[in-house]
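Reader: I've got the model open and want to check a few labels. Can you take me through how they were assigned?

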Amino acid sequence: MQKLSNYMANQRYWLFVTNNDNWKVVRDNDIYGFNDRTKKDLEKLNLGDLAVIYIKGKNIGGIFEITSLNEQTNIKFKVEDYPYKIKLRKICVPIMPVEFDKNMVGKISIFKDKAHWGTILMGRATKEITKQDYDYFREILEC
């Protein structure tokens, strides 16, 4: 297996969407899952990419690095079955998720000028974000 540093030149940044119950599985096991509907998102991901975890209900859970794109594990998620799993490495995970309030929304490029910004994430497992968005999330998480 190649070292992750070989992939850094192509590093991309993502917002991964989950719910509170599944966030606990992600946090405790350093794993994220995809179902048949969202498995196409896996094709866009690369080793070394960085993911900000957005917890439905307007919270940010933390930042992780993708370390494996095909993780074989029996770990079960609380809500729904996710047969396609990736392994993550914690970069910055606060003790408690940070509330993502309306003042922060306007500072994230994918949400700017959107009256109903939450609809951008509906039905999605992942959404690519810019390096500037990623840096802002690091700032609000105080990483």
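Author: Start with accessibility: buried means under 20% relative accessible area, exposed means over 50%, and partly exposed is in between. Lys 131 has 37% relative accessibility, so it counts as partly exposed. Keep in mind that this is a predicted model.

Reader: What is the mean pLDDT of the protein chain?

Author: The mean is 84, and 82% of the residues reach 70 or more. Residues 1-6 have pLDDT below 50, and beyond near neighbours in sequence this stretch has 7 contacts in the model.

Reader: Back to Lys 131. What makes Lys 131 and Asp 135 a salt bridge?

Author: The cut-off is a side-chain nitrogen within 4 Å of a carboxyl oxygen. The closest N and O atoms of Lys 131 and Asp 135 are 2.8 Å apart, so the pair qualifies. The two residues are 4 apart in helix H3, which puts about one helical turn between them. Asp 135 is partly exposed, at 34% relative accessible area.

Reader: Why are the buried residues of H3 said to line one face of the helix?

Author: The buried residues are Asp 133, Tyr 134, Tyr 136, Phe 137 and Ile 140. Seen down the axis of H3, they fall within an arc of 160 degrees, so one face it is. Gln 132 and Glu 139 are exposed and sit on the face turned away from that buried side. Just after H3, Glu 142 takes a positive phi of about 60 degrees.

Reader: How do you know that Lys 44 and Asp 41 form a salt bridge?

Author: Their closest N and O atoms are 3.8 Å apart, and the cut-off is within 4 Å, so the pair counts. Asp 41 is buried, with 6% relative accessible area, while Lys 44 is partly exposed at 39%.

Reader: And what does the salt bridge of Arg 89 and Glu 65 tie together?

Author: First the distance: 2.5 Å, N to O. Arg 89 lies in strand S5 (residues 84-92) and Glu 65 in strand S4 (residues 59-68), so the pair ties together parts 24 residues apart in sequence. At 3%, Glu 65 is under the 20% limit and therefore buried; Arg 89, at 41%, counts as partly exposed. The structure holds 6 salt bridges.

Reader: Now the rings. Why is the pair of Tyr 13 and Tyr 134 called tilted?

Author: A search of the whole structure finds 8 aromatic pairs. In this one the planes are 35 degrees apart and the centres 4.9 Å apart. Stacked needs under 30 degrees and edge-to-face over 60, so what remains is tilted. Tyr 13 is in strand S1 and Tyr 134 in helix H3, 121 residues apart, and both are buried.

Reader: What makes Tyr 54 and Phe 100 edge-to-face, then?

Author: Their planes are 85 degrees apart, with 6.3 Å centre to centre. The angle is over 60, so edge-to-face applies. Tyr 54 lies in strand S3 and Phe 100 in the loop between strand S6 (98-99) and helix H2 (102-105), so the pair ties together parts 46 residues apart in sequence. Both residues are buried.

Reader: Which residues of the largest nonpolar core touch the most other members?

Author: Of its 21 residues, those are Phe 16, Val 26, Tyr 32, Leu 45, Ile 86 and Leu 88. Another core lies apart from it, with 18 residues, among them Tyr 13, Val 52, Ile 63 and Leu 141. Phe 16 also forms one aromatic cluster with Tyr 32 and Phe 34.

Definitions and conventions
Residues are numbered from 1 along each chain as its sequence is written. This is a predicted model: local features need pLDDT of at least 70, side-chain atom pairs count only at pLDDT 80 or more; totals for chains, interfaces and linings use all residues. Side-chain values use heavy atoms; hydrogens and water are left out. Buried means under 20% relative accessible area, exposed over 50%, partly exposed in between (1.4 Å probe, protein chains only). The arc is that of the directions from the helix axis to the C-beta atoms. pLDDT is the predictor's confidence in each residue, from 0 to 100. Contact means heavy atoms within 4.5 Å. A nonpolar core is a set of buried Ala, Val, Leu, Ile, Met, Phe, Trp, Tyr and Cys residues joined through side-chain atoms within 4.5 Å. Rings of Phe, Tyr and Trp (its six-membered ring) pair if their centres lie within 6.5 Å; planes under 30 degrees apart count as stacked, over 60 as edge-to-face and the rest as tilted.
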